[in-house]
Amino acid sequence: MPTVHVIGLGRSGIAAARLLKRQGWQVEVSDSRQTPALQSQQQLLEAEGIAVQLNYDFDLQTLANVGLRVPDEIVISPGVPWYSPALVASRQAGIPVRGEVEIAWQALAYLPWVCITGTNGKTTTTALTAAIFQAAGYTAPACGNIGNSICEVALTASALDWVIAEISSYQLESSPPLQPQFALWTTLTPDHLERHGTLEAYVATKAHLMNGAKQVILNGDDPYLRQHMVNRWPEAWWISTQGAAALPKGIEQGIYIAEDQVWFQDQPLLPTHVLQMPGQHNQQNFLLAVATAHLAGIPAETIAKAVAGFAGVPHRLERIRQWQQVVWINDSKATNYDAAEIGLRSVIGPVILIAGGQAKKGDDRPWLNLIQEKAAWVLLIGEAAPQFAQRLEAIGFTNYEIMETLDRAVAAAAELVTQYPIKTVLFSPACASFDQYQNFEERGDHFRQLCLEL
């Protein structure tokens with residue numbers, strides 16, 4: 001029986017291990033961490049006949065030391081860098097290395113897929129697209145970076161019609177052979193450069209998804225895509241919130257907003273007032289989802305009804321409550337400067353902004369300029385707090401305080417809203433969460449809990 005080694009005991013890795021076990025592989029799993037939760041998971045998997053080694057960094061030379069075999073194949077979770085030395089050495093030794101998305105694709109390639117990638121907007125676009133397809137009567141779960149991993153869907157779903165998957169650059173790094181019916185690209189700004197190294201490498205991972213797609217849909221309002229991708233896929237569809245004239249030059253296949261209507265090839269499709277979520281970025285997400293659904297043959301009336309009932313997704317400009325006549329908003333999904341700028345631009349000022357976490361590379365200047373314009377106070381948390389404080393000082397913004405933790409920041413915000421004419425308390429970190437939390441969802445859930453306890 002061939003052996004496969006799965007690296008990473010997160011949600012994706014666990015599901016991939018179980019799916020491979022069901023397919024007849026001898027499965028071994030390793031993870032560099034060792035926590036009580038992982039130990040519990042280890043017991044469950046070992047009861048299913050899957051060997052698990054915790055507190056172990058995968059290395060071909062040391063497998064025998066921990067009682068593991070040299071595998072016939074290696075499967076990696078999204079959090080494992082493709083170019084890590086151990087994986088490079090494995091490929092040089094002739095051992096195939098695959099990502100968990102490829103495992104899911106092999107199990108579900110008989111179905112049509114909608115794959116959504118981009119720097120920002122992926123989650124909302126994925127959730128809205130799935131909501132529309134489900135309203136049309138399809139079994140079409142949102143999965144990937146949202147909800148269940150795609151391998152979990154492959155394990156549990158028995159009668160799927162579509163796969164609606166949010167696909168990150170981490171998942172595309174292994175160049176999986178995906179051939180979706182639709183591939184959507186929401187936005188492109190520098191992100192995850194600490195992982196990919198260069199902007200070009202980051203772009204190449206996302207372009208790989210488009211290359212395999214039957215139909216490509218691109219955001220014509222995104223400056224990078226407009227400048228660099230117009231000639232890349234000549235048959236692509238483009239969307240714009242700014243009317244037909246704003247579509248890239250030479251583009252004949254367009255879906256756009258004009259006169260409070262969505263237009264498809266110069267024919268009115270549905271009114272824009274059905275969209276409940278604020279912000280131009282959400283109009284872009286809306287158009288991408290509508291374009292996909294319309295091209296898939298879903299009637300306009302069904303699309304409109306589904307959009308009208310869609311309130312958004314947790315952790316992305318999620319309105320938690322109104323307290324002391326101030327709106328408290330959870331934007332924990334804003335893990336980079338561009339997303340945080342979008343969040344700040346979308347809310348009503350004056351704002352108390354809570355920001356910080358594990359800092360990323362990127363251009364923070366537009367975000368800082370908007371802070372000067374809309375923020376009354378900035379409360380800083382996490383590893384990035386001293387760095388952000390220096391950046392705020394550099395632009396002459398002094399209404400900030402380092403709070404270190406989210407508990408202290410929310411308590412301070414609760415005091416400040418009684419002293420100043422604040423309209424919004426916005427938690428939009430502009431940072432990754434891994435300094436203090438497992439993921440942005442856990443961070444956002446904590447903020448929600450703190451707000452509801454006020």
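Buried means under 20% relative accessible area, exposed over 50% and partly exposed in between, with a 1.4 Å probe and protein chains only. The views come from a predicted model, in which local features need pLDDT of at least 70, side-chain atom pairs count only at pLDDT 80 or more, and totals for chains, interfaces and linings use all residues. Residues are numbered from 1 along each chain as its sequence is written, and side-chain values use heavy atoms, with hydrogens and water left out.

View A. Strand E20 spans residues 424–427; helices (H or I, at least four residues) and strands (E, at least two) are DSSP runs numbered from the N terminus. Both of its faces are covered, with Thr424 and Leu426 buried on one side and Val425 and Phe427 buried on the other. E16 and E20 run parallel and are joined by four bridges; two strands pair if DSSP finds at least two bridges between them. Thr424 in E20 is the bridge partner of Val327. Strand E17 (residues 351–356) also runs parallel to E20, with four bridges, and Ile352 stands opposite Val425.

**View B. The second largest pocket.** On a 1 Å grid over the protein atoms alone, a pocket is an open set of points with protein on both sides within 12 Å along at least five of seven lines, a cavity is a set where a 1.4 Å probe fits but cannot get out, and lining residues have an atom within 4 Å of a point. This pocket has a volume of about 410 Å³, the volume being the space filled by probe spheres set on points joined across faces, edges and corners. Of its 21 lining residues, Pro278, Leu317, Glu318, Arg319 and Ile329 lie nearest the centre. Helix H11 (280–295), strand E15 (318–323) and strand E16 (326–330) each supply at least two lining residues.

**View C. The largest cavity.** One cavity of 30 Å³ or more is counted. The largest cavity has a volume of about 60 Å³. Its lining includes Ile76, Trp82, Glu100, Tyr170 and Glu173. Helix H4 (100–108) and helix H7 (169–172) are the elements that give two or more residues to this lining.

**View D. Asn219 in strand E10.** Asn219 is found in strand E10 (residues 215–219) and counts as buried because its relative accessibility is 1%. The side chains of Asn219 and Gln284 are joined by a polar contact of 2.9 Å; a polar contact is a pair of N or O atoms within 3.5 Å, where within protein one must be able to donate a hydrogen and the other to accept it, and residues adjacent in sequence count only if both atoms are side-chain atoms.
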